[in-house]
Amino acid sequence: MYIYTVVRNKSISQFRALHIENQSIDNIAIDIFAHTNITPEDELISQEEISEINLAINSLPNKCKIAFKLVKENHLKYKEAAEILNISVKTLEAHLTTAMKKIREKLKDSI
């Protein structure tokens with residue numbers, strides 16, 4: 001059991017080092033209308049809304065932004081995302097709550 005725990009923790013640390021430091025999360029865009037039939041006018045409006053959403057996400061504090069992207073975009077479970085970030089699940093939940101509040105505020109102001 002001890003060896004399993006050591007290997008698991010080392011694997012998580014290695015994953016964290018490779019994936020979080022080497023990926024630029026600012027360049028990942030959300031395309032929520034990728035598989036719909038929409039008109040060119042709708043497409044233009046959609047692109048503007050997507051830009052506003054991406055601006056709101058990118059304006060988040062770094063930890064909130066990473067937590068949001070891991071859970072909402074990469075579809076990781078809270079426990080998995082918390083392990084990657086080396087924080088507790090409650091702290092992850094706090095980051096996500098803060099992220100959602102700030103995104104709502106930004107979108108409310110801009111849309």
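Ala-81 touches Leu-70, Val-71, Leu-76 and Leu-92, once residues up to four places away in sequence are set aside; contact here means heavy atoms within 4.5 Å. The model is a predicted one, with local features needing pLDDT of at least 70 and side-chain atom pairs counting only at pLDDT 80 or more, while totals for chains, interfaces and linings use all residues. Residues are numbered from 1 along each chain as its sequence is written, and side-chain values use heavy atoms, with hydrogens and water left out.

Ala-81 sits in helix α4, residues 78-85 (helices are DSSP runs of H or I with at least four residues, strands are runs of E with at least two, and both are numbered from the N terminus). With a relative accessibility of 0%, Ala-81 counts as buried; the cut-offs are under 20% relative accessible area for buried, over 50% for exposed, and partly exposed in between, using a 1.4 Å probe and protein chains only. The buried set in α4 is Ala-81, Ala-82, Ile-84 and Leu-85. Viewed down the helix axis, these buried residues fall within an arc of 160°, so they line one face of α4; the arc is taken over the directions from the helix axis to the C-beta atoms.

Next comes α3. Its 12 residues should span 16 Å at 1.5 Å a residue, and the end C-alpha atoms are 15 Å apart, which agrees; the expected span is 1.5 Å times one less than the number of residues. Buried residues of α3 are Cys-64, Lys-65, Ile-66, Ala-67, Phe-68, Lys-69, Leu-70 and Val-71. Lys-65, in this helix of residues 62-73, is buried with a relative accessible area of 7%. A polar atom of the Lys-65 side chain lies 3.5 Å from the backbone oxygen of Asn-58.

Ala-67, also in α3, has 0% relative accessibility and so counts as buried. Leaving out residues up to four places away in sequence, Ala-67 touches Leu-85, Leu-92, His-95 and Leu-96.

What about the nonpolar core? The largest one has 17 residues, of which Leu-60, Phe-68, Leu-70, Leu-85, Leu-92, Leu-96 and Ile-103 touch the most other members. Two or more residues of this core come from each of α2 (40-58), α3, α4 and α5, and α3 gives the most, with 6 residues. Such a core is a set of buried Ala, Val, Leu, Ile, Met, Phe, Trp, Tyr and Cys residues joined through side-chain atoms within 4.5 Å.

Finally, the loops. Most residues other than glycine have a negative phi. His-75, however, has a positive phi near 60°. His-75 belongs to the loop between α3 and α4 and is exposed, with a relative accessible area of 65%. Just after α4, Asn-86 likewise takes a positive phi of about 60°. Asn-86 is placed in the loop between α4 and α5 (89-110), and its relative accessible area of 61% makes it exposed.

Technical notes
Polar contact = N/O pair within 3.5 Å; in protein donor to acceptor, adjacent residues only side chain to side chain.
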